[in-house]
Amino acid sequence: MAVDAAPTHDPVNEADEIAAVDLGSNSFHMIIARPDESGLRTHDRLRESVRLAAGLDAEKRLSADARARALACLERFGQRVRELPEGAVRAVGTNTLRQSRDSRAFLREAEQALGHPIQIVSGYEEARLIYLGVAHSIADDEDRRLVMDIGGGSTEFIIGEHFVPREMESLHMGCVSTTQRFFSDGVITDKRLRQAEIAARRELEPIADRYRRLGWERAIGASGTIRAIERCLRENGWTAGGIDPKGLQKLRRALVKAGDIKRLKLDGVNASRAEVLPGGLAVLLGAFQQLGLEQMEAADGALREGLLFDLIGRIRHADVRTASVRAMAERYHVDQDQARRVATLADSLRGEVATDWGLATPAARDTLQWAAWVHEIGLDISHSQYHKHGEYIVRHSDLAGFAREEQQLLATLIRAHRRKFPRNVFRELPEDWQTASVRLAVLLRLAVTLQRARSDEPLPALTLKAAGRKLTVRFPAGWLDDNPLVEADLSEEAGFLEAAGFRLRINRD
């Protein structure tokens, strides 16, 4: 998401097609769909085995081969979606890119190959999107569901009802990482499988009691690994329907009998899936044992379907990010009248300079609004340095709908909304976000300064002009003379901004 892109309208509303791209740890997936009145009509799917996690070295850096495979795949995906308008494609990276130390440099190349922005999502956000995809792919009923998704480097567990997830966890185990850890040379033995299953159970142990207390009526598997195992059990006659412990034990014995991944030939399992099947099976066996599962069904929906439905929500102005921010404001007892005043004024100020400062996009508008609504959450901890407390809360909270760097930007704006202007924190943001982000921070600071009286008394009709790092605010004649406290506040703010290389000029008509 680039907050300083050019269009003044939202072209995604005019798009005939939308797409979701999932940069998973094992495979990259893309789905293209057409929105209609009933939701979505999917008409194209692409999948390539990229094995990104296999290219992550001990220092958490992607190998040249892994980068090349990924970029070649995204170049092919880009040929299909590059012409779609900005905002019509939602692309996300998951566990491997969360771990990678050089993910930002890789993302710059990846975005050029795809032709659209790519975001890295947290494990919490990945779990939410997975549940959303599953919930839209099965019949809606009254049952409470346990959803499990085995990815390449992480496994998500979600308990939810209808379209609402209630409990979400992302654990550090997956089909690729577990295969690399216990079967790196391809050899499969009973002992190694048992060790891998115990490792999966240990990873689950801290959440198992809580999940079992919450309970569920249906267990649903949502990943390619789980679908492949279900298909294998069915095609080999090891299950009458779905996944159960007896069928899993038969598959386990077949793996031990094969003895090596290269000799693994099973109906329903293709060659690329067979390479990571031992790790995926161990994770699934561990989950069945630790959670006491007796039956699991496989669903078609997963992360990429969740991305599409989340994107539809944004297009139709039901953005979960706004709901997350409002919920956070309520949780931390934000003065909502003051938040509304600041948000309204900040958006008005943005409108005055939107063209000159490149802030005419929906992303810039929304980001500034979210920051205004939660800029005071740190007051719930302490008035002293509350902007720093607020930054910490936002940076380290689970905020549904937000990508990692979107959340970082929101935290940065909160940190920068008062007192000394912290130019250094903006350098931690993606380079192409920095200029627009600093400008948003200046507008937020100005709105907070002008609303310092916390009053519904209307402000005068002021005008704002921007040119580079210069901002001119013009007040009606006599108004500042009648409001000396505001004038003093603005003078202090001009000093803070001058130290950051900005010039704030106050004019009277």
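Helix α20 (residues 484-499) contributes the most to the lining of the second largest pocket, with 4 residues, where helices are DSSP runs of H or I with at least four residues, strands are runs of E with at least two, and both are numbered from the N terminus. A pocket here is an open set of points on a 1 Å grid over the protein atoms alone, with protein on both sides within 12 Å along at least five of seven lines, whereas a cavity is a set of points where a 1.4 Å probe fits but cannot get out; lining residues have an atom within 4 Å of a point. The model is predicted, so that local features need pLDDT of at least 70 and side-chain atom pairs count only at pLDDT 80 or more, while totals for chains, interfaces and linings use all residues. Residues are numbered from 1 along each chain as its sequence is written, and side-chain values use heavy atoms, with hydrogens and water left out.

Both α18 and α20 supply at least two residues each to the lining of the second largest pocket, and Tyr386, Arg418, Arg419, Val448 and Arg452 lie nearest its centre. As for cavities, the count comes to 1 of 30 Å³ or more. Asp22, Asp149, Ile150, Gly151 and Gly152 are the lining residues nearest the centre of the largest cavity, and the elements giving two or more residues to this lining are β2 (27-36), β6 (144-150), α7 (224-235) and α11 (303-315).

In the table, volume is the space filled by probe spheres set on the points, which are joined across faces, edges and corners; Ala, Val, Leu, Ile, Met, Phe, Trp, Tyr, Cys and Pro count as nonpolar, Asp, Glu, Lys and Arg as charged, and the others, Gly among them, as polar.

| Space | Volume | Lining | Classes |
|---|---|---|---|
| Second largest pocket | about 420 Å³ | 18 residues | 4 nonpolar, 5 polar, 9 charged |
| Largest cavity | about 260 Å³ | 23 residues | 4 nonpolar, 14 polar, 5 charged |

Of its 63 residues, Trp357, Leu410, Phe426 and Leu471 touch the most other members. A second, separate core of 55 residues includes Ala33, Phe77, Leu107 and Ala110.

Note on methods: Core = buried A, V, L, I, M, F, W, Y, C linked by side-chain atoms within 4.5 Å. Buried < 20%, exposed > 50% of the residue type's maximum accessible area, 1.4 Å probe, protein only.
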